[in-house]
Amino acid sequence: MSTIEEFIRSEIEGKVLRLVREIEELYEEIVEDWSTKLSVSKPAVLVTLQEVDECNEGSACVRDVDPYCKSITGQYVPDSQLIVLNYRSTLDVLLHLFLHHVYAQQIGLERYKQIRTIENVRLPWSLRPTEIRILNMAKRLYNVLISQRAGKTWSDHIKVRIRELDDLIHKITNTIHNYALSTMPNLQMRQIAYKVHMRRDRRSDE
Ligand SMILES: [Zn+2]
């Protein structure tokens, strides 16, 4: 087997994706506990290394600029009852997305989707009735759901894995960068040209 195949197998499949899956399972445990407490169906959880937030949820043509939507580093996908979550999210973000699921169950999936489509196109994040209702639900349910057990799972198990993943990503990205340069020598020249171009752009803004 070639060295690069070994690298993919051990570093990416063996370490990165294993850690992502472990974080996902821990978030799923928390969500299962919350679902039991509130007697709702359990949503699925998908953890990603990609940047994800609520700023352009469900509408490709609208880009929200509200700072709050940026801080919700995930999205709730009602059709598949799925919480998509960036791996570096906090329990507060998980709770927020879980409450989207609870709210969708309360008012019915079709009605939830209709309301969200209109809200997302017409209103910035902080004026969306669903978001305001969810902030209120989070305030009411915070002490019930963010239990000592959930907090402990996050600090003792999830946080440790997030750090491990961060170190690993940093190491792997450097290796891949050097590998890319060795296979595409002109890439370095293009990067330098790009940096000079960006500096010039910044100067013209001043
Ligand atoms: Zn939200």
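1. The hairpin. Strands β2 and β3 form a hairpin with 4 residues between the strands, and Gln-81 there takes a positive phi near 45°. Strands here are DSSP runs of E with at least two residues, helices are runs of H or I with at least four, and both are numbered from the N terminus. β2 and β3 pair in the antiparallel sense over 4 bridges; two strands count as paired if DSSP finds at least two bridges between them. Val-84 in β3 is the bridge partner of Gln-75.

2. Basis of the note. The model is predicted: local features need pLDDT of at least 70, side-chain atom pairs count only at pLDDT 80 or more, and totals for chains, interfaces and linings use all residues. Residues are numbered from 1 along each chain as its sequence is written.

3. The chain as a whole. The chain has 7 helices and 3 strands, and along the sequence they follow the pattern α-β-α-β-β-α-α-α-α-α. Of its 206 residues, 20% are buried. A residue is buried if 20 or more other C-beta atoms lie within 10 Å of its own, exposed if 12 or fewer, and partly exposed in between, with C-beta atoms placed from the backbone.

4. The sheet. The 3 strands form an open sheet in the order β1-β3-β2, with mixed pairing. β1 (44–48) and β2 (74–77) stand at the edges with a single partner strand each, so one side of each has no neighbour in the sheet. Neighbouring strands are turned by 15° against each other on average, direction ignored. β1 and β3 (residues 82–86) pair in the parallel sense over 5 bridges. Leu-46 stands opposite Val-84 of β3, and Val-47 stands opposite Leu-85 of β3.

5. Helices on the sheet. Helix α1 (residues 3–38) packs on the sheet and touches β1 and β3, its direction making about 145° with that of β1. Helix α3 also packs on the sheet; α3 touches β2 and β3, and its direction makes about 160° with that of β3. Axes are lines fitted to C-alpha atoms, for helices over the stretch in contact, and angles run from 0 to 180 degrees between N-to-C directions.

6. The two faces. In a regular strand the side chains alternate between the two faces of the sheet. In β3, Ile-83 and Leu-85 make up the covered face, and Leu-82, Val-84 and Asn-86 the uncovered one.

7. Ile-83. Ile-83 lies in β3 and is buried, with 25 other C-beta atoms within 10 Å. Leaving out residues up to four places away in sequence, Ile-83 touches Pro-43, Val-45, Gly-74, Tyr-76, Leu-97, Phe-98 and His-101. Contact requires C-beta atoms, placed from the backbone, to lie within 7 Å. Ile-83 and His-100 are 17 residues apart in sequence and 9.2 Å apart in space, C-alpha to C-alpha.

8. Helices α3 and α5. α3 (residues 91–107) and α5 (residues 129–145) pack at an angle of about 110°, with axes 9 Å apart. The contact involves Leu-95, His-96, Leu-99, His-100 and Tyr-103 of α3, and Thr-130, Arg-133, Ile-134, Met-137, Ala-138 and Leu-145 of α5.

Technical notes:
Contact = placed C-beta atoms within 7 Å.
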